[in-house]
Amino acid sequence: MELEMNKMAQHYDVTIVGAGPAGSTCAQKLAKAGLRVALIDRRTKLGNPVQCGEFLPTSHEMLDMLPSCKRASRLVNVPSQFIENKTHILRMVSPKNSEFQFSLRANILNRADFDSSLAMTAIDLGADLLLGSRVIRVDNESRLVLKNNGETMEITSYVVVAADGATSVVAKYLGHIFTHDPNDISPAIQFVLEGCEFDDDVTEMYFGSDISPGGYAWIIPKSDNVANVGLGIRRQFQRDNAPLIKYLQRMIKKHPLVAPRCKKAKIKARVSALIPMGGPLKKTYSKSTLLVGDAAGHVMASNGGGIPTALAGGDIAADTIISYLSEGTPLSEYEKQWRVEFGNELDSALRILHIADRVMPSESLTDICMRLAGPRFLKHIIRCRLPIAVDLASKTFVSILRYFL
Ligand SMILES: Cc1cc2nc3c(=O)[nH]c(=O)nc-3n(C[C@H](O)[C@H](O)[C@H](O)COP(=O)(O)OP(=O)(O)OC[C@H]3O[C@@H](n4cnc5c(N)ncnc54)[C@H](O)[C@@H]3O)c2cc1C
């Protein structure tokens, strides 16, 4: 049911702020268990604008990437009507244009339709959806104050789920240990390009401090001639104050491997958004609140992907809340469980990013390291695995090279 604004405070068992993949997945399971659930989003149209590259590894890849999280593999198995393209190869390009490619199977989503369908399924299962409603305040972890078209409304509940992304308002009201360090939040920009000529079977990642300082640029083909082309930057690695759009325009117009394939390209849409790249928060539960998805920092720092862990985290949160409300199981179980299922991979991904942070400011060093790693190791690194050989070699090698360069 789509909920109408009502000045009276309404009560629910659980209120979920944010109808992205994390919030809607959580809402589905809670509603199916018969709980009274409110799902709130500030957007008026779910999934719009799309702030995502729409790259989702297949179920098979997820089993390999997050082997202890079987539910991730199940949840990424999206119906074919939400899949616009499939890519089989991941190509990584160094700052000096060395190319390394390996197999990585992914579905390229129609994220707007996918997000919308997740929320609609939650409604079908009995959740109430309140769109166009921005949570502006949280009192005592249980009373949410919302604004919708200038009207104010209050909702109370036993449990609140913060699924409201990297700059979660709910988290802000819990205190600073529940919010991301601003340095860890990476601004990102993306164009949807039409009329470009990229391989429709290959997702590409470009590295270099002139391309995307502290991050990478991506080309994710959605069809023969349409692609999501974007980049993320971490400000502390930027040498100038140029806006992100300048970096993206430069890549599209000047990069020797990109520009020739964008000669006839037109920008169909553009978005900017934030990606939390600092790894999971130390604490993701409180007295009666759970943090899920980007709000919890559940983004794989070695590749910037957060959809699989948002889906899985939302599902784990729902299991915990059901046990909490029926049997009094502590909410801390949520954190224990996600750590068991994908905590190691998120930690490894962050260690990989920290190694990359020492390398990436130098284009020569990045190039040498990518050559040394080659597809054999890069394919593990992108899958959040840090081979011991790479860990040890990188520490020794980076210190030696830094001495000479
Ligand atoms: C440019 C870009 C490209 C990306 N590409 C990929 C990719 O290709 N593959 C991948 O796996 N990941 C990608 N990611 C990351 C991925 O999009 C996120 O990790 C994922 O969406 C997290 O899901 P979520 O449900 O936690 O949050 P979100 O999807 O961000 O949903 C949060 C929801 O909360 C709502 N909200 C926020 N504040 C409030 C409020 N105060 N009141 C009410 N509602 C509120 C928002 O409107 C939003 O709908 C990308 C991110 C960006 C920015």
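1. The shell around the ligand holds 17 nonpolar, eleven polar and seven charged residues. Here Ala, Val, Leu, Ile, Met, Phe, Trp, Tyr, Cys and Pro count as nonpolar, Asp, Glu, Lys and Arg as charged, and the others, Gly among them, as polar.

2. The model is predicted: local features need pLDDT of at least 70, side-chain atom pairs count only at pLDDT 80 or more, and totals for chains, interfaces and linings use all residues. Numbering starts from 1 along each chain as its sequence is written.

3. Of the 35 residues around the ligand, Gly18, Gly20, Gly53, Gly293 and Gly306 come nearest. A residue is near a molecule if its C-beta atom, placed from the backbone, lies within 6 Å of it.

4. α1 (21–32) and α7 (307–327) are among the elements that each supply at least two shell residues. α1 gives the most, with three residues. Helices (H or I, at least four residues) and strands (E, at least two) are DSSP runs, numbered from the N terminus.

5. The axes of α1 and α7 come within 7 Å and cross at roughly 35 degrees. Axes are lines fitted to C-alpha atoms, for helices over the stretch in contact, with angles from 0 to 180 degrees between N-to-C directions. The contact includes Pro21 and Ala22 of α1 and Ile307 and Ala310 of α7. Residues are in contact if their C-beta atoms, placed from the backbone, lie within 7 Å.

6. The shell draws at least three residues from each of domain 1 (10–49 + 113–182 + 278–349) and domain 2 (84–108 + 184–276). Domain bounds come from an automatic or database assignment.

How values were computed
Two residues are in contact if their C-beta atoms, placed from the backbone, lie within 7 Å.
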